[in-house]
Structure formats: C-alpha cells, structure tokens
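Thanks for coming, everyone. I have one structure to walk you through today. Please take a look at it first.

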Amino acid sequence: MRKNALLGEHQALNWLIWGACLVTLIFWAPLNDPFNAPKSWILSITGFWLIGWILLNFKNYKSIQALRWATILALIFLLTLSVAYVGTDNKYIGLFGAYQRRTGYLSYLSLIILFLAACYLFRLSNISKLSNSAMVTGFLLSTYGIAQHFKYDFVHWNNPYNAVIGTLGNP
C-alpha cells in the first residue's frame, strides 16, 4: 500500500515540477497570443491533473497542522475568487482572463491547485529535484536569451524595445 502511495507521490511531484518548468518555458510563436495562451493551457492541464491526486490523497495529509492551515487559506482564497467570478458581468473574461493576459478564474484555480500540491508533496528529501529542474529551466532560459542577444533567435519577433524577450514576452 505504501509503495503505491510513494509511486503516486513521485508521479505527482514530477507533474508539479516539470509542469511548472514547462509553463515558464513554453511559447508558441504562430498564435496571436504566443506567450500567455500556451502557458495558460499547460498550467490548467497540470493543475487539473494534480487536483485528482490531491482529492485522492487528502485524507493522508489532513492530520498535519501546517497542511491544514495551507488548505484552509487556499480554500478561503478560492471562495473569494469564486465570489468575484460570480459577480462579474463578463463571464468569458472572468473565466479565461483578458486578451493577452489569461489571468482569469481558471488560471488562479490552477495556481491554487499547484500551491496545495506543492504543500503536500515537497519535503527536504526531494528538494534536489526542485533545484535540478530550476537549473535546467534557468539554463534553457539563459541559452535562449543569449541566442536572442546575438541575433540567433529562431523566431523573428516584432519588438522595437529590445532583442531579448525570453519566454515571458517582456523585453
């Protein structure tokens, strides 16, 4: 039984870490919104996969005081977010966010899920996975930034401010 739980934790931790890294790295140049839309898609996919893991494993973690407080605070934030969504006039923008921002209900719900998954999954014993993924992500971002600086970018952005925009869309 415990081996299956550990396997589930291992898979969930990988989804959390590499999903978060992919959200940082991904963009899709042919889209009208090449940065925020793909990031929102990956964030939602990662979050909604992890909500299944959280719901299946909540009973194993509910006795830990710190996790209980994190869950309560996340649920309070979710409640206020839900009230704001219900009270908005434009449900489409409330759900998905403004054009080229994607900061709507779904994105914040996914971030709440990632927060809870991180609270439940991270321990000092697996912090090396986090640092390794941060190193890989940082290396890829740095490499892409250097390539942009030396005008070897494979995407020809129309950006009058600076040649280096990274994967977040900001010069």
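Start with how elements are named: helices (H or I, at least four residues) and strands (E, at least two) are DSSP runs, numbered from the N terminus.

A word on the source. This is a predicted model, where local features need pLDDT of at least 70, side-chain atom pairs count only at pLDDT 80 or more, and totals for chains, interfaces and linings use all residues. Residues are numbered from 1 along each chain as its sequence is written, and side-chain values use heavy atoms, with hydrogens and water left out.

Now the overall picture. The protein chain has six helices and zero strands. Read from the N terminus, the order is α-α-α-α-α-α. The C-alpha trace spans about 55 × 45 × 20 Å along its principal axes.

How much of the chain is buried? Buried means under 20% relative accessible area, exposed over 50%, and partly exposed in between (1.4 Å probe, protein chains only). Of the 171 residues, 33% count as buried.

Next, contacts, meaning heavy atoms within 4.5 Å. Take contacts between residues at least 6 apart in sequence: 64% of them join residues at least 24 apart.

Arg102 has a positive phi of about 55°, although it is not a glycine. In general, most residues other than glycine have a negative phi. Arg102 counts as partly exposed because its relative accessibility is 24%. Gln100 lies in the loop between helix 4 (91-96) and helix 5. Gln100 also has a positive phi, about 65°, and is not a glycine. At 34% relative accessibility, Gln100 counts as partly exposed.

On to charges. Side chains of opposite charge can pair when their charged atoms come close. The rule for a salt bridge is a side-chain nitrogen of Lys or Arg within 4 Å of a carboxyl oxygen of Asp or Glu. How many salt bridges does that rule give? The count is one. Which side chains meet in it? Glu9 and Arg123, at 3.7 Å, N to O. This pair links distant parts of the chain, 114 residues apart. Glu9 belongs to helix 1 (residues 2-25), while Arg123 is in the loop between helix 5 (105-121) and helix 6. Is Glu9 buried or exposed? Glu9 counts as buried, because its relative accessibility is 12%. Arg123, at 33%, counts as partly exposed.

Now Gln148, which is found in helix 6 (residues 127-149). Its relative accessibility is 2%, so Gln148 counts as buried. What does the side chain of Gln148 reach? It reaches the backbone nitrogen of Ile165, at 3.0 Å. Setting aside residues up to four places away in sequence, Gln148 touches Asp153, Trp157, Ala163, Val164, Ile165 and Gly166.

Trp157 comes up again with Ala29. Ala29 is in the loop between helix 1 and helix 2 (36-61). Leaving out neighbours within four places in sequence, Ala29 contacts Pro34, Val155 and Trp157. Ala29 counts as partly exposed because its relative accessibility is 30%. Where is Gly47 relative to Ala29? They are 18 residues apart along the chain, and their C-alpha atoms are separated by 24 Å.

That's my tour. Thank you.

Key
Polar contact = N/O pair within 3.5 Å; in protein donor to acceptor, adjacent residues only side chain to side chain.
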